[in-house]
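Here is a friendly briefing to read alongside the model. Have the sequence and the structure open as you go.

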Amino acid sequence: MKKLTLKNNWLVMLIFSTVVLTAPIWLSPLGANYPDLLQKFAIFGIFAIGFNILFGLTGYLSFGHATFLGIGSYSAVWCFKLFSMNVLPGIIIGTLIAGLFALIIGYVSLRRSGIYFSILTLAFAQMFYSLAYSVLTPITNGETGLQLSNEDPRYIDALFGVAVEPGLPSTNLFGQIMSGYPGFYFCAILLIIGFYISLKIFRSPFGLKLRAIKSNQTRMRYTGFNPRPYLLTAFIISGMYAGLAGSLMAVTDPLAGAERMQWTASGEVVLMTILGGSGTLLGPLFGVVMIKYFENIFSAMNPSTLSEFFNFLPEFLQQVMVSITQHFVGQGWHLTLGALFMLVVIFLPGGVMEGVTLVNKYIRLKLGLVNTASKTKQDPVRKNLVDPIAQPLTEQTNDSQKEEVK
Amino acid sequence: MDVFLIQLLNGLDKGGAYALIALGLTLAFGTLGIVNFAHGALFMLGAFCAVTVQEILTISKKVKDESITFFDAYKEQPYLEIWWGDTGTAIIDYAVPISIIFVIPVMLLIGIGLERGLIKHFYKRTHAEQILVTFGLAIVLQEIIRAFFGANPMPTPAPDIVSGTAAVGSLLGLSETLVYPWWRLIYLGFASIVIFGVFAFLKFTTFGMVVRAGMADRETVGLLGIDVERKFTIVFGLAAVVAGMAGAMYAPILPPDYHMGMDFLVLSFVVVVVGGMGSLGGAVTAGFVLGIIQSFASMTEFKAIFPGIDQIVIYLVAVIVLLVRPRGLMGREGVMED
């Protein structure tokens, strides 16, 4: 009985896979069960999980992760153009090339830490973004974006004599066309694999070393570990996650544009991770689902749907509420997002996951589930707190802060 | 020679804008220790102060257009013109210079309000959290501006008398063909005055002395019985004013739109880091140096050798400087080191 807790990887994976694969069913009452949005959930989920391995574990805030997303997209589309419309080579090559760039950028940027690291990644991201628009136009097709065309050679497809149909070909996995629900399930399976790798990293000695980097690098050096190789590995892994997400974007919609690499796009993944709770396994996914879901709902609203929503109020109040709230929906969705994000950073630095932990603790206290005997041993509640699945962000900052004050 | 001088002027001009923004950013960082990602948004707010002043001055009434006789035509005529005739027209023409007078108190209030309401609570938090909360603030500010002014750039012309170009060449006894827009020259002069003003303020006043002391060792200044926090609030206000003035004066050069702050933010951060976090002189020097480097890199001679160099040269320089001189050009020891 005791053995079957959330510490068991396979149990976690079983629950997680069930939840992800049945998403079309349980999301339908929320009106979010159409494939486009589901694909977005899965793709940005992969992106955020990867970002979390870097930022959540090591505390290095990269403001240039969208670069790898863009590189993954471009590589995948080129793969579709040159080799085959089968998605497997596309995502493998996209991930690997993003990893290669992560190696180069990471090797240079990781020589510095703190805000300098953020600025260095930002500088690299802006460099790639500007280059994609100007000099690299033969590769990126500039502002139009890289698209498929009928003249593409597709050597491997031609070799195997895949029938050429009129019109633009669509991406497929051995014949199964990757759009709609099949596309979602493909992304979802990759998300599950990605989550499993991230779970393994979180619960491995390697993950512990990454946490050590976050809490105190000096102490880590004294214990005989050089932080640099671990950091670089984490950076490359998270870059490859971003590349995978980027190539999946190309799989679901074979078009790659440079706006994917803009630094505000990197900001978005930071938002998602923080909102959900960085440094926790599930937090980033919560953040992704929340942001993408509400983006979808809120940006579709307009004053008339709002007045319908406030119908239960007296007419005067209804007008007041509509005139206030209409600035926060539709075009103003980003305002809501920014304000929400500020509130989270100010009051709940651990994101939604910290909120969940706090509520959980409060309910347990209220219900008297914490009996005095275990309290003295500080067992159940404390133990839950240090469990990697729900670890709050707050505790690790103490040491570094003390040093900064000096 | 002409080409060289033009590029130098271009660079100084761009550098003036970079230096002004970086100056405010460094003030906030060096004294308060706050990494302010919302500084670009303050620049944008300043530019929109100019837009607002112009809109207020041109509040119009529909009047009959007398020049068209064969049907009833109406045109918009600003109230100022109706009341004061030519004087009113002149006032509208000078909307941007007038807006500077409004920018100062408005931005001071915004800055002090932000510091008291939000930034104050982040002194003790990590730099990453400061970046995040000010990033959120920047999004909120720019979306508020979009809600009021829309997404299109708002043209705010400079006064007529300086809208043309100055014959710089003949003034200096060089070729006649060397001309440069008046307003850009004015911007350069304005930037220098503001920069000297801020430096003089910090160097020659008691208040400035306290602030400099606080930058060096905050704790000791506090122990001497000086309310450092209050001084720092005013410094943040000052930083906001510098950013706001830079923005308002920039409005005739680049019609302001809601995301201009974000565009400038990245560049100004690069400038600050190259100059050295917390060093005012470094920020100004780096601003001008990077501006000049960028404008020379956009010469066709360089572009022929390295295509696209003009787009990335600033970031390239930043990467090299950060790796070779980790503290930046003039970074102080002990400020924000790893």
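B:Ala251 counts as buried because it has 27 C-beta neighbours inside 10 Å; a residue is buried if 20 or more other C-beta atoms lie within 10 Å of its own, exposed if 12 or fewer, and partly exposed in between, with C-beta atoms placed from the backbone. This is a predicted model, in which local features need pLDDT of at least 70 and side-chain atom pairs count only at pLDDT 80 or more, while totals for chains, interfaces and linings use all residues. Residues are numbered from 1 along each chain as its sequence is written, and chains are lettered from A and ligands numbered from 1 in the order in which they are written.

**Around B:Ala251**
- B:Ala251 sits in the loop between α11 (228–250) and α12 (260–275) of chain B; helices (H or I, at least four residues) and strands (E, at least two) are DSSP runs, numbered from the N terminus.
- Leaving out residues up to four places away in sequence, B:Ala251 touches B:Ala47, B:Ala50, B:Val51, B:Val96, B:Thr156 and B:Pro256; two residues are in contact if their C-beta atoms, placed from the backbone, lie within 7 Å.
- B:Pro157 is 94 residues from B:Ala251 in sequence, yet their C-alpha atoms are 7.8 Å apart.

**Helix α12 of chain B**
- The 16 residues of α12(B) should span 22 Å at 1.5 Å a residue, which agrees with its end C-alpha atoms being 23 Å apart; the expected span is 1.5 Å times one less than the number of residues.
- α12(B) is mostly covered, with 15 of its 16 residues buried.
- After α12(B) comes B:Gly276, with a positive phi near 110°.

**Chain A and its helices**
- Chain A has 21 helices and four strands, and 43% of its 406 residues count as buried.
- Among contacts in chain A with a separation of 6 or more, 77% join residues 24 or more positions apart.
- Helices α9 (residues 180–202) and α12 (residues 227–252) of chain A pack at about 175° with their axes 11 Å apart; axes are lines fitted to C-alpha atoms, for helices over the stretch in contact, and angles run from 0 to 180 degrees between N-to-C directions.
- α9(A) is therefore roughly antiparallel to α12(A); angles under 35 degrees count as roughly parallel, over 145 as roughly antiparallel, 65 to 115 as roughly perpendicular and the rest as oblique.
- This contact involves A:Gly183, A:Cys187, A:Leu190 and A:Gly194 of α9(A), together with A:Tyr241, A:Leu244, A:Leu248, A:Val251 and A:Thr252 of α12(A).
- α12(A) is mostly covered, with 19 of its 26 residues buried.
- In α6 (residues 114–133) of chain A, 17 of the 20 residues are buried.

**Where the chains meet**
- The contact takes 34 residues from chain B and 39 residues from chain A.
- On the chain B side, α6 (127–149), α12 and α15 (309–324) each supply at least two residues, and α6(B) gives the largest share, 14 residues.

**The nonpolar core**
- The largest nonpolar core has 209 residues, and those with the most contacts inside it are A:Ile46, A:Phe47, A:Ala245, B:Leu23, B:Val242 and B:Val270; such a core is a set of buried Ala, Val, Leu, Ile, Met, Phe, Trp, Tyr and Cys residues joined through C-beta atoms within 7 Å.
- α11(B) gives the most to this core, with 15 residues.
- B:Val270 is in contact with A:Ile119, A:Ala123, B:Ile314, B:Tyr315 and B:Ala318, leaving aside neighbours within four places in sequence.
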